[in-house]
Every structure is written in structure tokens, then in C-alpha cells.
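Q: Hi, could you walk me through this structure? I'm new to reading these.

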Amino acid sequence: MLEVMEWLEDIDYSYDLLINLDSDVLFAREGFEQFILNEMKDKDYMGVGTKIPDDDFYCLVQLRLEIDQWIPLLGNEPYMESFNVGQAYSRKLVLRFLHDDQYELLKSNLRDTRSFGVDELIFVTMTDRLGFSLHAYPEDASSSIRYRPYFPLDEIVSLMNGKPDSTLVHPVYRNLKDEARSFIREAMKRKIQLSPDYQERFMEEYLGEMPYLIRRSRYNGAKIEWLAASEDEGLLYWRENQSGRTKDVLFGPYAFGSEKIEGLTAIEGKFGNLEAVCRSGNTLIHYWREEHSGEWFKSEQFAEGVMGIPGFLESSHGNFEVVAPMKKGGLGHWWRNNDDPMHPWFGPEVFGSEQYDDVILVENNEKHLTAIACKDGKYQYYVRDDHNSWEWFGPYE
């Protein structure tokens, strides 16, 4: 963190607050930035669990093994602790660190230490020793930030349902296919699709109705492609500029299809093509874009009696899997056999009985299909017993 502080000042970067985040955090919903601005309005430091540590706190035990080099800097105990993730510093405090008489000692100690987790003790204790007030995150906001265990999908669903102040989650597995990340990523896309305000904030250009973005893995995530429902009928497609000369330039729209699209979702499939599942009326249809020619093709209608927005993925079995809310209640599941040259669709298998608005489909970390359905802004989820009974179980909250 000290190196980051130095770097920001070296490049003369204009900022008000510096916040320590790790790569295994997840922003579960919007609001963290506004939360920080509100809480830090009259503060210079805030951290999760800021307090005097217990005597057997592991990081403190480790620090005591090097106590001779830390006493000249920190003085005698008691020291303070604050969880590394989420520590927030005002620029005033950062400048105080960098211009303190003991700056060189702090820098050398941090460079030479072999103690685990010193960041959870040193910066908060130094802040206290420099005469700045310490503040802890409010309990509701800090309840989703911890050392271990990693947050599984069921806890993420519970947070989304019952803890609106839990905007930042830690830790979550760094794998982009992790169940929690997959769910939140799709949930945020749904917000963009369903809210005109979100659409306007997300993209300056008007992209039709229910815009849906895909970050292409075949381009190492450097290229984004977009689908949206036309205001009249059919779909619109854009792709991001690849020339490297300019950024955030979209080419399109390319219009195709003739149905009035009322719900859509899409993936990049194993064939290297874009694959879209769309609801038109009470039916589901499948479009795919052949990557080499750039042409869009329509498969036959494969489902009826549906409503809302469907969930769609390619499972680890290699099949396309679709789950959609049924007009008569419950959820319907369809799958396409991608090993069969005719690519037949099968289903529906109907499960559940509630009336849902839309559904997000993920494959959990144990490779079981998991359908997270939304009703009145609250989530319930169902899990399929893959490799065994293949039955759907739930709902769980």
C-alpha cells in the first residue's frame, strides 16, 4: 500500500480517497462508491473490524516475532487491527504517511518484514499514532467482508435478498466461472437490460431495448459485442472496434430477425459463435452468428408457454441449457444436444410452482446446474442433481 501511495503522488494524481481492494473481491451491487463518500465525509481513516486485536490474533503473534524493529515505529502495545480489504484513507492521511519523520523506517520495515498480514496492523496503528481518528465500517456493510471462507452462491443470494448495504463481498474465488461471480455478473446485466436509467448510464449511445453485452473470450476479453431488441421487430447487433486506433467505437447496428423480442440472453459457445436465446410472445427461439461469415441464422422455435427473461448457458457437458419462467407457474428446462449433428432440443422439464419474473442460470462450483429465479425483487434458487438423479431440488433462499 505504501508503494501505491508513493506512486499516486509521483504521478501527481488527483484523488480524495484511497481504498485497498484485493483481486478476490466482488461488487455484488451498486452503492459502494456512494457508501464510501458518505461515510468518509468527515473521516480520514475507516476499516473493517477496526479495534484492539485479541492477544492471540495471528498477525499480532507474527508481528511480535519482530517486535524490536517495530517498537521504534509503533511504540509499545496495544496496537490496532483492521482487515486489509476495504481500508480507506483520505489524501490528507496519505500525505502524512509520506512526509512523516519516520517514513524511511516505515518503508524499510515493510520491505524487510517476514511477518504475515502486517497490513492489518501497521497502517491502522500508524494512523492512530499520528493522531488521526479511527473508524470502523458499519456492521451491515462489513458483514460481507471477511478473511475466510470464500462466499458460496447460497450466501450471495441471501445477501442480495436481505442485506442491501452489503455492496462489497470478500472473498470470492478469482475464477471468472465461479458460481458467485457468474450470478452477480448476469444479475448486473439484467439491471442494464430492464432499466432505461441503467442503459443511459452504461452506454452513451442508444442500443435499442434490453441491451446485452458479451466480452469475447476468443479475443482475451479485449472485444465486446452487443445485442439488443429493436424497438419494432428483430434484433440489433454491434461489435466493438478492433483496430486499436480508437476505443469504445461500436460498428453497427446489423439488423436481423422479424419477431418482436421481449426478452433475450446470449453466450459465446464452444463453436466460437455468438448464441442468443430470445423470447417472442410466449415462445423461445435461438439465433446464432457464424463467426467467419458474420451472418446470423435462426433455429426453429423450441419452447412455448414461457414468460420473462430466460437463463442460458453451455454446460460442462457441452450442451446448451435454457431455463425460463412458465406462464402457468414454475420454471421450464430445455437442453440441446450439441454432440448430435442435428442439434435437437429436448424439454421442457417443469419444476417449482411460483410465478417468476426472470431466471439466471449458472453452473455451480460442483458442476450442477443452478437456476436463480427472481420474484418481486427477491431470489430463490433450484439445484439440479447432475450425474445422479438429474432432478431439480428447491426452492432455497
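Q: Before we start, what does "buried" mean for a residue?
A: A residue is called buried when its relative accessible area is under 20%. Please keep in mind that this is a predicted model, and with that cut-off in hand we can say that Phe-256 is buried and that Trp-296 is buried as well.

Q: How many aromatic pairs does the structure hold?
A: There are 23 aromatic pairs in the structure.

Q: Where do Tyr-45 and Tyr-89 lie?
A: Tyr-45 belongs to strand β3 (residues 45–51) and Tyr-89 to strand β4 (residues 81–90), so the pair ties together parts that are 44 residues apart in sequence.

Q: Is Tyr-45 buried or exposed, and what about Tyr-89?
A: Tyr-45 is buried, because its relative accessible area is 0%, and Tyr-89 counts as buried too, because its relative accessibility is 1%.

Q: Back to Phe-256 and Trp-296: how are the rings of that aromatic pair arranged?
A: The rings of Phe-256 and Trp-296 are stacked, with 4.5 Å between their centres and 5° between the planes. Phe-256 sits in strand β9 (residues 250–256) and Trp-296 in strand β13 (residues 296–298), so this pair links parts that are 40 residues apart in sequence.

Q: New topic: where is Gln-380 found, and is it buried or exposed?
A: Gln-380 is found in strand β21 (residues 378–384), and it is buried, because its relative accessible area is 12%.

Q: Which side chains does the side chain of Gln-380 make a polar contact with?
A: The side chain of Gln-380 makes a polar contact with the side chain of Tyr-356 at 2.5 Å, and another with the side chain of Glu-397 at 2.9 Å.

Q: And helices, how do α9 and α10 cross?
A: The axes of helix α9 (residues 153–162) and helix α10 (residues 179–194) come within 8 Å and cross at roughly 35°, and the crossing is right-handed.

Q: Which residues of α9 and α10 meet?
A: On the α9 side there are Leu-153, Ile-156, Val-157 and Met-160, and they meet Glu-179, Ala-180, Phe-183 and Ile-184 of α10. By class, this contact has seven nonpolar residues, no polar ones and one charged residue.

Q: Last one: why is α7 described as largely enclosed?
A: Six of the eight residues of helix α7 (residues 122–129) are buried, so the helix is largely enclosed by the rest of the structure. Among those buried residues are Ile-122, Phe-123 and Val-124.

Technical notes. Residues are numbered from 1 along each chain as its sequence is written. This is a predicted model: local features need pLDDT of at least 70, side-chain atom pairs count only at pLDDT 80 or more; totals for chains, interfaces and linings use all residues. Side-chain values use heavy atoms; hydrogens and water are left out. Axes are lines fitted to C-alpha atoms, for helices over the stretch in contact, and angles run from 0 to 180 degrees between N-to-C directions. Helices (H or I, at least four residues) and strands (E, at least two) are DSSP runs, numbered from the N terminus. A crossing is left-handed if the near helix is turned anticlockwise from the far one by less than a right angle, and right-handed if clockwise. Contact means heavy atoms within 4.5 Å. Ala, Val, Leu, Ile, Met, Phe, Trp, Tyr, Cys and Pro count as nonpolar, Asp, Glu, Lys and Arg as charged, and the others, Gly among them, as polar. Buried means under 20% relative accessible area, exposed over 50%, partly exposed in between (1.4 Å probe, protein chains only). A polar contact is a pair of N or O atoms within 3.5 Å; within protein, one must be able to donate a hydrogen and the other to accept it, and residues adjacent in sequence count only if both atoms are side-chain atoms. Rings of Phe, Tyr and Trp (its six-membered ring) pair if their centres lie within 6.5 Å; planes under 30 degrees apart count as stacked, over 60 as edge-to-face and the rest as tilted.
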